[in-house]
Amino acid sequence: MAQKRFAMNIWLMVLTANEGICVYCDRAEATELDYVIPPAMGGVEWWTNLAPACISCHQAKSARTPLDWHMSRSMSASWFPAQRGDILHERYGLRAAYEEARAWAEIVLDNVERVAREISDPKRHGWFADNLSWWVPRNRLEIQWSLVCSRPRIAKAKASGWTLHSTQIQ
Ligand SMILES: [Zn+2]
């Protein structure tokens with residue numbers, strides 16, 4: 001869980017990236033702000049370190065980097081009790097676990113980097129700062145409500161290349 005209380009425009013900016021889908025499973029709806037690099041591991045407590053995540057991936061990943069998370073997942077999935085300790089086992093040995101984690105890492109790094117570029121795009125970031133409110137949401141309901149209300153405006157702004165400004169004189 002992102003501990004810092006982020007402003008609504010940051011919530012919406014991150015949650016609507018990647019078409020509103022979790023950056024890790026690329027399947028479920030994103031409802032959480034996830035620190036890609038946990039602050040405890042040196043990650044900055046700022047939006048540049050945030051990615052949209054579903055509740056399930058967010059909780060499973062916990063305070064780890066995506067790479068640590070999947071290395072341990074791959075290790076526990078590969079090390080069945082019967083084969084535990086067999087370093088050289090073709091299917092359940094250390095290298096097999098590593099190769100599996102590495103294959104997944106390639107995919108997730110592509111996703112994470114693509115979404116990080118989308119979030120840090122100055123035009124997109126500027127649009128969220130200029131057009132959406134800066135107040136800090138008090139609860140989940142406010143975030144969900146703002147998301148539903150803002151979605152059409154965000155979609156329209158995205159389609160126009162983030163050039164719409166509410167303060168712009170026509
Ligand atoms: Zn997910």
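Predicted model: local features only at pLDDT ≥ 70, side-chain atom pairs only at ≥ 80, totals over all residues.
Beyond its neighbours within four places in sequence, tyrosine 24 is in contact with Asp34, Val36, Ala51, Ala53, Cys57, Lys61, Pro66, Trp69, Trp104, Val108 and Val112.

Next, show the largest nonpolar core, a set of 36 residues. Tyr24 is among those with the most contacts inside this core, together with Leu50 and Phe128. Colour the elements that give two or more residues to the core: helix 1 (8-15), helix 4 (94-120), helix 5 (122-131) and helix 6 (140-159), along with strand 1 (32-35) and strand 2 (50-53). Helix 1 supplies the largest share, 7 residues. As a general background, nonpolar side chains in soluble globular proteins tend to be buried together.

Now go to the zinc ion. Which protein atoms are its donors? Select the SG atoms of Cys22, Cys25, Cys54 and Cys57, which lie 2.3 to 2.4 Å from the zinc ion. The angles among the 4 donor atoms run from 103 to 117 degrees, and the site is tetrahedral. Along the sequence, the donor residues follow the spacing C-x2-C-x28-C-x2-C. Of these donors, pick Cys22. Is cysteine 22 buried or exposed? Cysteine 22 counts as buried because its relative accessibility is 0%, and the cut-off for buried is under 20%.

Finish at Ala28, in the loop between helix 1 and strand 1. Alanine 28 has a relative accessible area of 28%, so this residue is partly exposed.

Technical notes. Residues numbered from 1 in each chain as written. Heavy atoms only, no water. Donors = N, O, S within 2.8 Å, 3.2 Å for Na, K, Ca; no water. Tetrahedral: all angles 85-135°; square planar, octahedral: opposite > 155°, others 65-115°. Buried < 20%, exposed > 50% of the residue type's maximum accessible area, 1.4 Å probe, protein only. Core = buried A, V, L, I, M, F, W, Y, C linked by side-chain atoms within 4.5 Å. Helix = DSSP H or I, 4+ residues; strand = E, 2+ residues; numbered from the N terminus. Contact = heavy atoms within 4.5 Å.
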